[in-house]
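Visitor: I have the model open and would like to go through it with you piece by piece. Could we take the sheets to begin with and move on from there?

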Amino acid sequence: MRHPTVRLAAILAILFLLGGCSQLGYYLQATKGQYRIIADREPVADLVASPDTPEPLRNRLALAERMRQFAVDRMELRGNRGFTYYTDVGRPYVVWNVVAAPAYALTPRTWCFPVAGCVAYKGYFEESAAMAEAEGLKREGLDVIVYGVSAYSTLGWFADPLLNTFIHYPEPGLAAVIFHELAHQVIYVKDDSAFNEAFATTVELALLAQWLNLHGDPAEVPALLDRQRREEKITSMVLAYRDRLAEAYLGPDRETRKPALFAEMKREYDERATRGEGTPFYDWWFGRPLNNADLLSISTYHRLVPAFQALLERTGGDFPAFFDEVRLLAELPAAERDAAVSRLMPD
């Protein structure tokens, strides 16, 4: 196997040739950031066995090992080395993503890369660099958000390590991250962020319920399912407002309707939250000033989840059969794939 430094240098050379000089600074920070994660990693097995490893960290790494094996067995990822290492990156997030959209349209700004294809975000290993990118996009008149990311997948190019940014999450959260990121290594479609994230989210939720039933605290399952139901209802509400805003942006009074609809959405959530229908995530989400980029971030991860869940149910919850069906969808041309996924959406 080639040394990580050699592989990273090769990737940088390819990106430079394809991206041009204007992107060299971005690719340099990406290569440097990824290199540090790989260079600083330590085998999980060694850390678990070492008496020098703090007990809380040892326990979390051992738990993550079991979660990883659980996912590998069900997703048939034997030989995959993801999450067999651990890296402390020394910061609360591993990267910061920038998402942007026009002020009066719900189409994301996309950035295209040779490996990942075109995606609806741009990631930086330094928060200050992400903020600088955001300021430049705002000067173009775009709606922009910057948010920290605890984990991401290199799609099998490297053995992605466990990170300090999520290793101490509560058990359901830790399992969700591991299951979601490993799912990206099963199926990934270039240039289709919504497809990829909805697929990985569907796998994450299904495996999480199985994990808690078989290996976790079964008493947590009802609370988890209740939170998921509440999040699904709020997400449906947000996506409905997204559609209303998209329609409003076509009219002559879009400048007044935009803030009015965002305010109406916030009021509706507050009313639901007072009835106990809110969630911690949406409490945080609605606690910030919102714009089109926020709506796109929700849409990318959640809009197509019901379609994939319907497909999983149609295959009887059998993961190999589900993956075969998703691979058939992934092979379709983009327009046909979109239409096929849309047909799977529940009425």
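Visitor: In what order do the strands of the open sheet with mixed pairing come?
Guide: In this predicted model, that sheet has three strands, arranged in the order S1-S2-S8, and it is open with mixed pairing. Strand S1 (42-43) and strand S8 (162-163) are at the edges, and since each has a single partner strand, one side of each is left without a neighbour in the sheet.

Visitor: How many bridges hold S1 and S2 together, and in which sense do they pair?
Guide: S1 and strand S2, which covers residues 85-87, pair over two bridges in the antiparallel sense.

Visitor: And which residue is the bridge partner of Pro43?
Guide: Pro43 has Tyr85, in S2, as its bridge partner.

Visitor: Now the antiparallel open sheet: which strands form it?
Guide: Three strands form that open sheet, in the order S6-S3-S7, with antiparallel pairing. Its edges are taken by strand S6 (122-124) and strand S7 (142-149), each of which has a single partner strand, so one side of each is left without a neighbour in the sheet. On average, and with direction ignored, neighbouring strands of this sheet are turned by 25° against each other.

Visitor: How many bridges are there between S3 and S7?
Guide: Strand S3 (residues 95-102) pairs with S7 over eight bridges, in the antiparallel sense.

Visitor: What about Asp270 and Lys266, where do they lie?
Guide: Both lie in helix H9 (residues 254-274), four residues apart, which is about one turn of the helix, and their side chains meet in a salt bridge at 2.8 Å, N to O. Asp270 counts as partly exposed because its relative accessibility is 32%, and Lys266, at 30% relative accessibility, also counts as partly exposed.

Visitor: Which parts does the salt bridge of Arg314 and Glu325 tie together?
Guide: The side chains of Arg314 and Glu325 meet at 3.8 Å, N to O. Arg314 lies in helix H12 (residues 305-314) and Glu325 in helix H13 (residues 319-330), so this pair ties together parts that are eleven residues apart in sequence. Arg314 is exposed, with a relative accessible area of 57%, whereas Glu325 counts as partly exposed at 29% relative accessibility.

Visitor: How many disulfides does a search of the whole structure find?
Guide: A search of the whole structure finds one disulfide, and this joins Cys112 to Cys118 with an S to S distance of 1.9 Å. The link of Cys112 and Cys118 is right-handed, with 100° about the S-S bond. Cys112 counts as partly exposed at 45% relative accessibility, and Cys118 counts as partly exposed at 23%.

Visitor: One more residue, Ser297: why is it called buried?
Guide: Ser297 is called buried because its relative accessible area is 17%, and the cut-off for buried is under 20%. Ser297 is found in helix H11, residues 292-302, and, leaving aside its neighbours within four places in sequence, is in contact with Ile145 and Trp285.

How values were computed. Residues are numbered from 1 along each chain as its sequence is written. This is a predicted model: local features need pLDDT of at least 70, side-chain atom pairs count only at pLDDT 80 or more; totals for chains, interfaces and linings use all residues. Side-chain values use heavy atoms; hydrogens and water are left out. Buried means under 20% relative accessible area, exposed over 50%, partly exposed in between (1.4 Å probe, protein chains only). Contact means heavy atoms within 4.5 Å. Two strands pair if DSSP finds at least two bridges between them. Axes are lines fitted to C-alpha atoms, for helices over the stretch in contact, and angles run from 0 to 180 degrees between N-to-C directions. A salt bridge is a side-chain nitrogen of Lys or Arg within 4 Å of a carboxyl oxygen of Asp or Glu. A disulfide is a pair of cysteine sulfur atoms within 2.5 Å.
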